[in-house]
Amino acid sequence: MEKHDGRETAQSRTGDRGAIGDPWYDALASGWGELDGSGAPAPAAPAQSVPGQRSAAGIYLEVQRSAAFQEVRGRYRRFVVPAVAVFFTWYVAYVVAATTAPDLMARPVAGAVNVAMVAGLGQFASTFLLTWLYARHARLRRDRPALELRWDTQEMTRGIAGSTSMNGSARGEGGQW
């Protein structure tokens, strides 16, 4: 069995992709996560941009700083932070009660069903409820603005070398998903 370093194999499968500015072709993986000889991590190679042309990194930073992006992130945080706090508190309360108050947890509720069993099933029920609430919140409050940001970002990066080939391959020939 022959061993390949990957570069020749990738070239033979994809043709001359380096000519169209494929960023993965130009960036070698060597040096990523390796040490520079002094024990410190090797610095990442800076992105090279053509003068007078916006880089993909610049476009993404511009979008990240935009009010629309900040609004989407704010909506996400306003839901997730309280939801995580409430769910984590409920989980810890269950664990603490199970370990420190065994008499309370052993108290029968109905027949052989005790408080611990009801609280344990409540953990499952609250997990499903939180999942449903998260999906509903995302669908109603974040998906449309996030999708608009995505399309706007793709339009801005369309003219940058390399991104056209990656966008075209992801969307197919007809430009649809």
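In this predicted model, Asn-114 lies in strand β2, which spans residues 113-114. With a relative accessibility of 19%, Asn-114 counts as buried, because the cut-off for that class is under 20%. A polar atom of the Asn-114 side chain is 2.9 Å from the backbone nitrogen of Met-117. Beyond its neighbours within four places in sequence, Asn-114 is in contact with Met-105, Ala-106, Arg-107, Pro-108 and Val-109.

The largest nonpolar core consists of five residues, namely Ile-59, Val-63, Val-72, Leu-149 and Ile-160. Setting aside residues up to four places away in sequence, Leu-149 touches Val-63, Ser-66, Ala-68, Phe-69 and Val-72.

Val-84, Phe-88, Tyr-91, Val-92, Val-95 and Val-96 make a nonpolar surface patch of about 510 Å². Of these, Phe-88 is found in helix α4, residues 67-100, and counts as exposed because its relative accessibility is 53%.

Charged side chains form three salt bridges. Glu-71 pairs with Arg-75 at 3.0 Å, N to O; both residues lie in helix α4, four residues apart, about one turn of the helix. Glu-71 is partly exposed, with a relative accessible area of 36%, and Arg-75 is likewise classed as partly exposed, at 27%. Glu-71 also meets Arg-78 in a salt bridge of 3.3 Å, N to O, and Arg-78 is exposed at 53%.

Another salt bridge joins Arg-158 and Glu-155 at 3.0 Å, N to O. Arg-158 is partly exposed at 31%, as is Glu-155 at 48%. Through shared partners, salt bridges join Glu-71, Arg-75 and Arg-78 into one network.

How values were computed. Residues numbered from 1 in each chain as written. Predicted model: local features only at pLDDT ≥ 70, side-chain atom pairs only at ≥ 80, totals over all residues. Heavy atoms only, no water. Helix = DSSP H or I, 4+ residues; strand = E, 2+ residues; numbered from the N terminus. Buried < 20%, exposed > 50% of the residue type's maximum accessible area, 1.4 Å probe, protein only. Polar contact = N/O pair within 3.5 Å; in protein donor to acceptor, adjacent residues only side chain to side chain. Contact = heavy atoms within 4.5 Å. Core = buried A, V, L, I, M, F, W, Y, C linked by side-chain atoms within 4.5 Å. Patch = residues over 30% accessible without salt bridge, like charges linked within 9 Å, V, L, I, M, F, W, Y side chains within 5 Å. Areas by Shrake-Rupley, 256 points an atom, 1.4 Å probe, with all protein chains shown as cover. Salt bridge = Lys/Arg side-chain N within 4 Å of Asp/Glu carboxyl O.
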